[in-house]
Amino acid sequence: MRDEQGGTMLMQNSPLILVIDDQPEEIRAVTELFRNEQLRVSLATDMRQGYERAVALMPDLILLDVRMPNIDGLAGCRLLKESPRTRDIPIIFLSSAGAQDERLEGLLHGAVDYVLKPCLPAEVLARVRIHLRLAPRSAVPEPSTPQALLSPDEVILRAAMRFIGANLAKLPSLADIAHKVGTHDKKLSAIFREHLGTTVFAWIRDERLRRGRELLADSRMSMQDIAEQIGFRAACNFTTAFRERMGVTPSTFRRGLQQRAEEAAD
């Protein structure tokens, strides 16, 4: 079986490494070393192509650049971690993007490692082998299973919902949310309307109130602390929105839960 670049014949069961980088010449020494070490290599030069190859080929590990045009590597990582077919594949960022917040964001969103360019090829190989050993691959899902057939829009939707839920306290603009999941604001709005029957902003409001109900039930946090945690500027704004949706104030809602718990205990 030949690798994606038409190289020498490799063992069919040797690990497949997917490299997603818009400037592959920068890491040619790395990919050549992989091939010399009997690793199969598939190369994609943009995130969209890389995502499609990841879903189709189910590589054993992905090397991913951060700063790429259109869809960057951080957005691509979010999408790969939402697709049932690719979410368990180890991702190593191999990038010249060395800012502390970029490295932290990459690791927080599912990457197992972060290597800065320029890099020593032997070090990259060593890290790849470590993570291949740490994450043995499970059986490949049957293509016919519903999990394996999520559409690209469904993956974007899942990624957007997860990003919003994790950032309720301080959400960026709609355009920035869309960028974080590899799309644009009009497309993201259309996906929410098609799949959820609501707008992005309406879903955010509902998610804030849902999370608010959870915090009222499961914590002793003050109204102001809850309001700040879920993205309201002040407790009075939270109270107004909560009463409009639930018909009672947050304080009344919490007291009702406490009373029911006490009655159940008796």
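Mentor: What follows is a short chat about the salt bridges here. This is a predicted model, where local features need pLDDT of at least 70, side-chain atom pairs count only at pLDDT 80 or more, and totals for chains, interfaces and linings use all residues. Residues are numbered from 1 along each chain as its sequence is written, and side-chain values use heavy atoms, with hydrogens and water left out.

Trainee: How many salt bridges are there?
Mentor: A salt bridge is a side-chain nitrogen of Lys or Arg within 4 Å of a carboxyl oxygen of Asp or Glu. That rule gives 15 of them.

Trainee: Which parts of the chain does the D65–K117 pair link?
Mentor: For elements, we take DSSP runs numbered from the N terminus: helices (H or I, at least four residues) and strands (E, at least two). D65 and K117 have their closest N and O atoms 3.9 Å apart. D65 is in the loop between strand 3 (61–64) and helix 3 (73–82), while K117 is in the loop between strand 5 (113–116) and helix 5 (121–134), 52 residues away. D65 and K117 also belong to a salt-bridge network with D21 and E26.

Trainee: Are E214 and R211 buried, exposed or partly exposed, and which?
Mentor: Buried means under 20% relative accessible area, exposed over 50%, and partly exposed in between (1.4 Å probe, protein chains only). E214 is partly exposed because its relative accessibility is 29%, and R211 is partly exposed at 31%. Their salt bridge is 2.8 Å, N to O.
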